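Reader: I am new to protein structures and would like to learn how to read one. Could we go through one together, step by step?

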Amino acid sequence: MAAIIELDRLEVELGGRTILKQLNCSLTGRAIGLLGPNGAGKSTLINTLLGFYPPSAGTARVLGRDIRTAARNVRSLIGYMPESDSFIAGMSGVRFVRMMAELAGVPAEAALERAHEAFFYVGLGEARYREVGTYSLGMKQMTKLAQAIVHGPRLLFLDEPTNGLDPPARQRMIELIREIRDRGDLQLVLSSHLLHDVEECCDQVLILKDGSIAAFSNLEEERRSNRHFLEMETRGGDAAFVEAIQRLGCEAAWSGNGVIKLVMPDEVGIRQLYRLASERQVQIRRLHHKRDSLEDIFLKAMGVDRAGTNGGAARPEGTSGRL
Amino acid sequence: MAVYRKTYRRYQGALTPEWSRCLVLTRYSFEDMKRRRMLALIVLGSSIWPVLCALGIYLHHNLSALKLLDINPAKLIPINALFFMTYLGVQSMFAFFLTAFVGPGLISPDLSNNALPLYLSRPFSRAEYALGRISVLWILLSSITWVPGFLLFGLQAYLEEGWAGQNLRILSGLFIGSWVWILLLSLLALALSAWVKWKPVAGALMFGTFFVAGGFGSAINEVMRTKWGHLLNLSHLIGTIWVSLFEEPMRLGAGAAFFRVARGEEIPVWCAWVSLGAFCGVCLYMLARKIRGVEVVRG
């Protein structure tokens, strides 16, 4: 798959401080998550890709275009939803979104039609003639999303799209993002503090820490590979039972207390495990697919264990997924 | 009522030319201005003097009308460079008030509402953004300075055969003189709008820049017994340039007292140009510092 974003020893210096340090990676996913604690450099990376900050060394390519030499061209392919409250004063929602479409090159008439459509798409159809300044925070977030997609970009940058949203509004935003992702003609980069948001929407995750890449995970592959990773809680399961499982072609390990961890090859099915257990008079009390959650990946990248001890790294707030 | 599809679709149609996109900002700004009555009043007020000038030119060439009104033709102001310089001087004051009224609202709302990342994340440069905003002032100020000035010139040329050929310098003086003034005012207004978020304060600062800097320059002249303090006096600089453009000796009339320069205190014209250029450069620098997608906090 062609790379959406390629970082080539990208370094960014701001105010005499190196914010992004020699970032090197290639992102190919339909939905790419950017994770990291405050100050990790997520927004700086997005701003650099948008051309707001010049790289001090290295470069990056967005959809094959170099951000140093083709910044304008890059921006013509992008839709951007900024993190902070951003709007144009004294304008109705639909006029604001129409103007944004026109600035991206959509002719006035088509821009008006698309602005209306974008408003209906994000669920603000009834409020589109109200002044943006009078919108609630949730409505403003949706309006920002509408202006980001109104001109039909190929790549969408979403910087903390669920910031400040109540649970139903957050759910609606996540659904919209997933819907956009699943259409397949638009890739997106989602920067968020919320692990759950990233986990729900993204198939690749880039975890940043202090301006460096702390981890890169292909969640899609992770999900696929872990589909065969099982944890089985048994009564009566012993070393002989584990050996029998291994003879089926599985990799299996007995970790005491009747818990067996195994990796099943494609040709082995769950039914065969139950048959084997029945033959050997072993009760299978619980069987579940075990995989590293994004939280596990994130905590590993931050150098934090589940118990919360770390080597000076930031600890997420609880296990709710909020950093 | 139109029915809109609740779906997202890519835009497949043709795009507008890139050069035309900064005019989108101009168009939207003018649409917003339609609602401002005060602006309409200032524009209306600024059309009074050109109408009076046109009347003056007409009377100059219509003896029967003069007789009817019982006006001695010898008492009429001659239609020459001084006439057009006076016209420009008066209009320049309206231009100043118009700029002080419109200018501060051009950029400051975008900065207050953090709208710049929205503009600049599109294929739209900082220069185009500034151009889109400043062209609002250029169009407005042109419509009350050199455009009616050209019409007056055309009227006079129409009424007096051979006059235009002998006075082409007036035409260039009107055009260049107006544009120097327009550029100075618009750059100053935009720079202040970018740095001062509160519109009334930005408007007041425009007056301050002219009058305080002028006063400061005069104080320097008095204390140091020199004339170079005038380099800080924008009105003086503009006056000097206008006089050189219209080829008239420095005397009363050019914007009345606004541009009056005492005898012996004239500064070389090139110094006025350099000084104005430096002032515009400072304004551009101020604009470039503020018009950014994101602000870099140094420290």
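Here is our conversation about the two chains, one question at a time.

Reader: What kind of model is this, and how many helices and strands does chain A have?
Author: Good place to start: the model is predicted. In chain A, 42% of the 323 residues count as buried. Its elements come in both kinds, with eleven helices and 14 strands.

Reader: How many helices and strands are there in chain B?
Author: Chain B has 299 residues, of which 38% count as buried.

Reader: Among contacts in chain B between residues at least 6 apart in sequence, what share joins residues at least 24 apart?
Author: Let me give you chain A as well: among its contacts between residues at least 6 apart in sequence, 65% join residues at least 24 apart. For chain B, the share on the same terms is 78%.

Reader: Which element gives the largest share of the side of chain A that touches chain B?
Author: The contact takes 39 residues from chain A and 35 residues from chain B. On the side of chain A, the elements that give two or more residues are α2 (71-76), β6 (78-81), α3 (93-103), α4 (108-121), α5 (137-149) and α6 (167-183). By class, the residues on this side are 20 nonpolar, eleven polar and eight charged. The largest share, six residues, comes from α4(A).

Reader: Which residues in α4(A) does α3(A) meet?
Author: From α3(A) come Gly93(A), Val94(A), Val97(A), Arg98(A), Ala101(A) and Glu102(A). Counting both helices, the contact has nine nonpolar, two polar and three charged residues. The partners in α4(A) are Ala108(A), Ala111(A), Leu112(A), Arg114(A), Ala115(A), His116(A), Ala118(A) and Phe119(A).

Reader: Which strands are at the edges of the open sheet of four strands in chain A?
Author: The order of the sheet is β12-β13-β11-β14 in chain A, with antiparallel pairing. Neighbouring strands are turned by 20° against each other on average, direction ignored. An edge strand pairs on one side only, and here these strands are β12 (251-254) and β14 (283-289) of chain A.

Reader: Over how many bridges do β11(A) and β14(A) pair?
Author: Next to β13(A), strand β11(A) pairs in the antiparallel sense over five bridges, with Leu230(A) and Leu262(A) as bridge partners. Towards β14(A), you can find Glu233(A) opposite Arg286(A). The antiparallel pairing of β11(A) and β14(A) runs over six bridges.

Reader: Which residue in the turn between β12(A) and β13(A) has a positive phi?
Author: These two strands, β12(A) and β13(A), pair in the antiparallel sense over four bridges, and Ala253(A) stands opposite Lys261(A). They form a hairpin with four residues between them. The residue in the turn with a positive phi, about 80°, is Gly256(A).

Reader: Which residues make up the covered face of β13(A)?
Author: In a regular strand the side chains alternate between the two faces of the sheet. Helix α9 (residues 239-247) of chain A lies across β12 and β13 (259-263), running at about 170° to β12(A). The uncovered face of β13(A) has Val259(A), Lys261(A) and Val263(A). Its covered face has Ile260(A) and Leu262(A).

Reader: Back in chain B, how do α11(B) and α12(B) lie to each other?
Author: Leu188(B), Ala189(B), Leu192(B) and Ser193(B) in α11(B) meet Ala202(B), Leu205(B), Met206(B) and Thr209(B) in α12(B). This contact has six nonpolar, two polar and no charged residues. The axes come within 9 Å and cross at roughly 135°. That angle makes α11(B) and α12(B) oblique.

Reader: Which residues of helix α6 of chain B are buried?
Author: What covers them includes α5 (81-102), α7 (116-120), α8 (126-144), α11 (168-195) and α12 (199-224) of chain B. The buried residues of α6(B) are Pro104(B), Gly105(B), Leu106(B), Ile107(B), Ser108(B) and Asp110(B).

Key:
Residues numbered from 1 in each chain as written. Chains lettered and ligands numbered in written order. Predicted model: local features only at pLDDT ≥ 70, side-chain atom pairs only at ≥ 80, totals over all residues. Buried ≥ 20, exposed ≤ 12 C-beta atoms within 10 Å, placed from the backbone. Contact = placed C-beta atoms within 7 Å. Nonpolar A, V, L, I, M, F, W, Y, C, P; charged D, E, K, R; others polar. Pairing = 2+ DSSP bridges. Axes fitted to C-alpha atoms, helices over the stretch in contact; angles between N-to-C directions. Parallel < 35°, antiparallel > 145°, perpendicular 65-115°, else oblique.
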